[in-house]
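Open the model in your viewer and set up a selection by chain and residue number.

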There are 2 protein chains.
Amino acid sequence: MPSDGGKGTGRQVGRQGMLGWQAIRDEALRRIHAREWAPGEMIPNEADLAQEFGCARTTVNRALRDLADAGFLDRRRKAGTRVALTPLRKATLEIPVISQEIEARGGTYGYALVSRRLGAAPIAVQNRLGLPAGARLLHVCALHLCDGVPYVYEDRWVNPVTVPGILQIDLGRINANAWLVQNVPYSRGELALSAAAADDAVASSLQCPASTAVFAMERITWMGEAPITLVTQYHAPGYRLTTSI
Amino acid sequence: MPSDGGKGTGRQVGRQGMLGWQAIRDEALRRIHAREWAPGEMIPNEADLAQEFGCARTTVNRALRDLADAGFLDRRRKAGTRVALTPLRKATLEIPVISQEIEARGGTYGYALVSRRLGAAPIAVQNRLGLPAGARLLHVCALHLCDGVPYVYEDRWVNPVTVPGILQIDLGRINANAWLVQNVPYSRGELALSAAAADDAVASSLQCPASTAVFAMERITWMGEAPITLVTQYHAPGYRLTTSI
DNA sequence: TGCGATAATATGAGTGCACATAATAAGCCA
DNA sequence: TGGCTTATTATGTGCACTCATATTATCGCA
């Protein structure tokens, strides 16, 4: 029996003392936390760990890869695996689609177009999108409501060169974000979270005093090298974006 | 040679027309974006896709698992794989260690203890940490500086029952966060991001006018079931937390 | 027809093996 | 000793095969 085909050596599978890859990951994480594997220090290679845990190297690989994805380990070919120097935590936060977020809270979603205008964008916007001076963009401001109460005020710039179809859409009825999500396969984007003082437009739309602290979420998306849209969403006071780490 | 041991059948490996799992993932993602696989709809099973792409089921599994992790697919045993109804985006943002964040920007890190007091915590804090009324906590306020300029004001409650060692530490010299990271292996935590108006303590520490909008990051960490700490970090005006999606 | 037992099925996971790739270590020659 | 080439090594990826697990579908029986 030359290659054994992955089983047959009398290993206990799925029962008894089998260690799943998750168990190995947990044990490795314990050692990291317990400083048995100190930050910046090399850990044993996959083959050795496989022997220690009595499993295949593939299984150890799966466990260590998971920890590397989570930011606990740095792995490089040949160089080996070492504990990350920075105990940086990676929090994966889910960017909600506003209508779904509202409906998930049991509210009724509402939408209102505030303004729509095609024209030259401010220099700052052009720079953020990497567009030449004088580029004409579609500027759309809209309001998302929860049970009729303002929830998010959205200030959006759309590049009609990249998505010409947007100009034909009745944005009074159709949410710009919904249309873009449906019609534009985008490749990458940037996200920035910040706190902002509500300016007049934001304050009046969200029905809060001017200068109120509001949570701002800015997104830029590209299709290949071509910028699609820059949107800043201002959440009503009290909004919290939460996740577990 | 009964099982072929994974090679030998004259397959082209790593060269020629081989499709890596990433290529399969990209193609699947393209089909999702292109609506060839519509939201909520089932996609072909792994075996069929493996045949289509001319690779092993393992490889397809890897690709689809990656997309499921990213939130594009919902997978259930036997039920099969379907395109996620919600095109929710998951952004992984890295929670920086402040000193490292500052040094990465080329600044000089500074730290100053503002206050330290052991006593009964407010009801709100007790509730957030799941502690009984009357629990005594260590309340530490501190300031992180970049080149001598206030960068982050930190308001922290530490449970001395969970981490008694903290009471012996000279927090005027040692950063509470640094000590905790070094000495307390924690298991899980919660993170909340929000915008807040600077109160008097925050405003005076960050040297900004009262009621200025500041970015607040709140973290709660547990060791098992025991709460360790609740910390809220108020960033100086203009702070942006960015990531790519 | 209704319902419980059973079969079928898709994904989840693991093993051994083989080769790919990247980066380091060693060797070699001028 | 400097610098180029080659060997070594740890991780990355892939394959065929096998069993596990969670559902769903089906069948048999009352």
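Helices (H or I, at least four residues) and strands (E, at least two) are DSSP runs numbered from the N terminus.

This is a predicted model, in which local features need pLDDT of at least 70 and side-chain atom pairs count only at pLDDT 80 or more, while totals for chains, interfaces and linings use all residues. Residues are numbered from 1 along each chain as its sequence is written, and chains are lettered from A and ligands numbered from 1 in the order in which they are written.

Next, select residues 176-183 of chain A, which form α6(A); A:A176, A:N177 and A:L180 are buried there. They lie on the same side of α6(A) because they cover an arc of only 95° around the axis, taken from the directions from the helix axis to the C-beta atoms.

Now show both chains. Their contact (C-beta atoms, placed from the backbone, within 7 Å) takes 42 residues from chain A and 42 residues from chain B. On the chain A side, β3 (89-95), β7 (188-197), β8 (213-223) and β10 (240-244) each give two or more residues. β7(A) gives the most, with 10 residues.

Finally, select β10(A) with β7 (residues 188-197) of chain B: the strands run antiparallel, joined by 5 bridges (pairing needs at least two DSSP bridges). Within this pair, A:T243 stands opposite B:L191.

Terms used. Two residues are in contact if their C-beta atoms, placed from the backbone, lie within 7 Å. A residue is buried if 20 or more other C-beta atoms lie within 10 Å of its own, exposed if 12 or fewer, and partly exposed in between; C-beta atoms are placed from the backbone.
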